[in-house]
Amino acid sequence: MKHNSRALPLTAWDSYRPGDVIFWRIGNGAYPDHVGIVLDAHNADGVPLVAELNSQTKRLSIRTPANLWPIRGHYRLQQTLASQTTGL
């Protein structure tokens, strides 16, 4: 992620945009071990929803990420890479 995206601060949810990638650390390891992608949908409080894959159940969940686990990384793809990936 460090080479193809811009690291962003771990700030209030209103700074998160659709397509942003979030990493959490839910285990005891030193590195983030869980990933989610911010969606273009919000809950009733305006917090963006996040799609995340549960590695144990192998199921995709869409949920409000606030207070799930400590966020360890917040990234946004660079515009040139995003354009090449989506064909825009």
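Guide: The side chains of D20 and R76 meet in a salt bridge, with 2.7 Å from N to O; the term means a side-chain nitrogen of Lys or Arg within 4 Å of a carboxyl oxygen of Asp or Glu. D20 lies in the loop between β1 (5-7) and β2 (21-24) and R76 in strand β6 (residues 71-77), so the pair ties together parts that are 56 residues apart in sequence. Strands here are DSSP runs of E, at least two residues, numbered from the N terminus. D20 has 0% relative accessibility and counts as buried (under 20% relative accessible area; exposed is over 50%, partly exposed in between, with a 1.4 Å probe and protein chains only).

This is a predicted model, in which local features need pLDDT of at least 70 and side-chain atom pairs count only at pLDDT 80 or more, while totals for chains, interfaces and linings use all residues. Residues are numbered from 1 along each chain as its sequence is written, and side-chain values use heavy atoms, leaving out hydrogens and water.

By the salt-bridge rule the count is 2. R63 and E52 also meet through their side chains in a salt bridge, 2.7 Å from N to O. This pair links distant parts of the chain, 11 residues apart: R63 is in strand β5 (residues 59-63) and E52 in strand β4 (residues 48-54). R63 is partly exposed, at 28% relative accessible area, whereas E52 is buried, at 2%.

Leaving aside neighbours within four places in sequence, E52 is in contact (heavy atoms within 4.5 Å) with residues including W24, H34, R63 and W69.

Conventions: Helix = DSSP H or I, 4+ residues; strand = E, 2+ residues; numbered from the N terminus.
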